[in-house]
Amino acid sequence: MKPLIIALALMLALPAPAYAGPRQPRDLRELAHQHGIRIGTAVDIAALRDEADYRKVLNHQFNHVTAENAMKWESVEPERGAYTWADADALVHNAHRNRQRVRGHTLVWHNQLPAWLTEGVADGSITPAELKRILRDHITTQVRRYKGKIRAWDVVNEVVEEDGSLRQNIWLTNLGPGYIADAFRWAHRADPHAKLFINDYNIEWNTPKIETTLSLVKDLQARGVPIHGVGFQGHLGIQYDYPGDWANVMRRFADLGLEIAVTELDVRMVLPVTPEKLATQADYYRRALTDCLSVEACKEFTVWGFTDRHSWVPGWFDGEGAACLLDENLAPKPAYRALLGVRAR
Ligand code: G3I
């Protein structure tokens, strides 16, 4: 008893040590934990299978994952009625074993649709009424398969054009704008606990796209459609200004009661890589995380691949690349260190 009293007396007598704040996190998982968010990455399924070093970094650093391609329609149903779940299952299984939550990407999109579907619509052998049934079955089958295993679904992806009109895709053309509400309702029915998102690019800064997406969300909410979040893809390039109003845009969606997620962040550059470009890139990554953390509703910060070894950028933008946090050898770039230096909110 006595030593305890002495210890207590000493503690009260001694001045409290100056509070230095939490120490710098050692890795992205620790960073995520300190900030109370999830930090995720898109996963290249072939790399996950074949590259031990890739797998090690993925499972060590990230507590959230998105399939880069493995859950898209052409991947899961390349032939009509013949589902190929092996890749998507492998990703979900790996995530579960490594305490990672999963974003399902994506249920309704205009890209990476199987040929049987696009060709059937084009030649009229799939009628609009049948297309609607096909879409309902696709959403129901996929969401049900992963019921309870997917934290959040990108239900509709890229449904607004740059000029703020609804995107002309096979869904709008054949089913009318109601396909969006239907998709959310079907997904909700298949897994009532999954968070359902609308996901898009350039809504970090493009006013017509932002305004239409906000109106769309309000309209869905007014009709009681289950929509829970908005995903900002965040495909940035250092040759363009950083989208300086991004935090405000996030706040406008948060004010509608939505969860906010950065879903596909990468920051590309015109090659060759220089130290100056890497420093600018680091600043863009740092600002993106800071913006997310400045909005209470922003709970997920996902990068579109974590290594320059596997990135969509060089294949899509001639002469550009080096968009990720780690280089081709999985060595951390300044951007990685910049993220670790972002202080708690
Ligand atoms: O599967 C074939 C393979 O059989 C073939 O050998 C190979 C040869 O090029 O192509 C493979 O398909 C590629 C596919 O990725 C899987 O690797 C396609 O050509 C390629 O076009 C496709 O690119 C993907 C792109 O979406 C397609 O739109 C990228 O990997 C993927 O990162 C990208 O992701 C999108 C998000 O889903 C939505 N937001 C934008 C983002 C970047 O475009």
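Predicted model: local features only at pLDDT ≥ 70, side-chain atom pairs only at ≥ 80, totals over all residues.
Local features are given for pLDDT of at least 70 and side-chain atom pairs for pLDDT 80 or more, while totals for chains, interfaces and linings use all residues. Residues are numbered from 1 along each chain as its sequence is written, and side-chain values use heavy atoms, with hydrogens and water left out.

Lysine 72 places a polar side-chain atom 2.6 Å from a ligand oxygen. For histidine 105, the distance from a side-chain N or O atom to an oxygen of the ligand is 2.7 Å. Glutamate 158 has a side-chain N or O atom 3.0 Å from a ligand nitrogen. On its own the ligand exposes 790 Å², and the protein buries 53% of that area, as computed by the Shrake-Rupley method with a 1.4 Å probe.

The ligand sits in the largest pocket, in that more than half of its atoms lie within 2 Å of the pocket's grid points. A pocket is an open set of points on a 1 Å grid over the protein atoms alone, where a 1.4 Å probe fits, with protein on both sides within 12 Å along at least five of seven lines; lining residues have an atom within 4 Å of a point. The volume of the largest pocket is about 680 Å³, counted as the space filled by probe spheres set on the points. Its lining comprises 28 residues, of which Glu158, Tyr201, Gln233, His235 and Trp312 are closest to the centre. Strand 7 (235-237) and strand 8 (259-270) each supply at least two lining residues, and strand 7 gives the most, with three. Strands are DSSP runs of E with at least two residues, and helices are runs of H or I with at least four.

Helix 6 (86-97) and strand 3 (101-108) each contribute at least two residues, with helix 6 providing the largest share, five. By class this lining has five nonpolar, four polar and seven charged residues.

How values were computed. Polar contact = N/O pair within 3.5 Å; in protein donor to acceptor, adjacent residues only side chain to side chain. Nonpolar A, V, L, I, M, F, W, Y, C, P; charged D, E, K, R; others polar.
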